[in-house]
Amino acid sequence: QVQLVESGEGLVQPGGSLRLSCLASGIIFSINTMAWYRQAPGKQRELVASITSSGRTTYADSVKGRFTISRDNAKNTVILQMNSLKAEDTAVYYCNANIRLVLGGLIDHWGQGTQVTVSS
C-alpha cells in the first residue's frame, strides 16, 4: 500500500503565502516525478508544478515566479511554497507521485487533496 498525505491547507489573504507538504509512505522503492495539481470549482484539474527525482522543475505559466516546488528524496516529501497568492489560486490542491514499488510495478498515486482559499 502507498499513501500520499498532504498538509498545509488554509485560508490566506491576497498577497499572502502558504506552504503545502506531501509525504509519501508505504512499500516504495523509489519515486520518479512528484507534482502538485489543483482543481477549482467548476474547472478541470490542472498541473501546477512538477519536479523530477533529479530536481528538474516545471511550472504552470499562471504560477511562475510565485510558486516554488521542492523535494526531499530521503524523506519522500514534496513541498509547494506559494507566495503572492491571488484569489484565482483558490482550489483544492492534490499531490501526485509516480512511484516504483518495492515488489515491482509502477503506479501513479494521488493524495486526498487539501483546500487553499485566498480571500480578504
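The model is a predicted one, in which local features need pLDDT of at least 70 and side-chain atom pairs count only at pLDDT 80 or more, while totals for chains, interfaces and linings use all residues. Residues are numbered from 1 along each chain as its sequence is written, and side-chain values use heavy atoms, with hydrogens and water left out.

Strands, like helices, are DSSP runs numbered from the N terminus (E, at least two residues, for strands; H or I, at least four residues, for helices). Two strands are taken to pair if DSSP finds at least two bridges between them. On this basis, strand 4 (residues 28–39) and strand 5 (residues 46–51) pair in the antiparallel sense, over 5 bridges. Their hairpin has 6 residues between the strands, and within this hairpin Gly42 takes a positive phi near 80 degrees. Strand 5 also pairs with strand 6 (residues 57–59), again in the antiparallel sense, here over 3 bridges. In the hairpin of strand 5 and strand 6, with 5 residues between the strands, a positive phi near 100 degrees is found at Gly55.

Strand 7 and strand 8 are joined in the antiparallel sense by 6 bridges, and Thr68 stands opposite Gln81 in strand 8.

The structure holds 1 disulfide, a disulfide being a pair of cysteine sulfur atoms within 2.5 Å. Cys22 is joined to Cys95, with an S to S distance of 2.1 Å. The torsion about the S-S bond is about -85 degrees, so this disulfide is left-handed. Cys22 lies in strand 3 (residues 18–26) and Cys95 in strand 9, so the pair ties together parts that are 73 residues apart in sequence. Cys22 and Cys95 are both buried (buried means under 20% relative accessible area, exposed over 50%, and partly exposed in between, with a 1.4 Å probe and protein chains only).

Strand 3 also contains Leu18. Leu18 is buried, with a relative accessible area of 15%. Leu18 and Leu85 are 67 residues apart in sequence, and their C-alpha atoms are 8.1 Å apart in space.

Charged side chains complete the picture. Across the whole structure, 4 salt bridges are found, each defined as a side-chain nitrogen of Lys or Arg within 4 Å of a carboxyl oxygen of Asp or Glu. One of them joins the side chains of Arg38 and Asp89 at 2.9 Å, N to O. This pair links distant parts of the chain, with Arg38 in strand 4 and Asp89 in the loop between strand 8 (77–82) and strand 9 (91–101), 51 residues apart. Both Arg38 and Asp89 are buried.

Asp89 also forms a salt bridge with Arg66, the closest N and O atoms being 2.7 Å apart. Here too distant parts of the chain are linked, since Arg66 lies in the loop between strand 6 and strand 7 (67–72), 23 residues from Asp89. Arg66, like Asp89, is buried. Through shared partners, salt bridges join Arg38, Glu46, Arg66 and Asp89 into one network. A further salt bridge is formed by Asp61 and Lys64, whose closest N and O atoms are 3.1 Å apart; Asp61 is exposed, with a relative accessible area of 64%.

Glu6, in strand 1, is buried yet has no salt bridge, and Arg45, the nearest side chain of opposite charge, is 7.9 Å away (Lys and Arg count as positive, Asp and Glu as negative, and His and the chain ends are not counted). The side chain of Glu6 does reach the backbone nitrogen of Cys95, at 2.6 Å. A polar atom of the Glu6 side chain also lies 3.1 Å from the backbone nitrogen of Gln112.

Note on methods. Polar contact = N/O pair within 3.5 Å; in protein donor to acceptor, adjacent residues only side chain to side chain.
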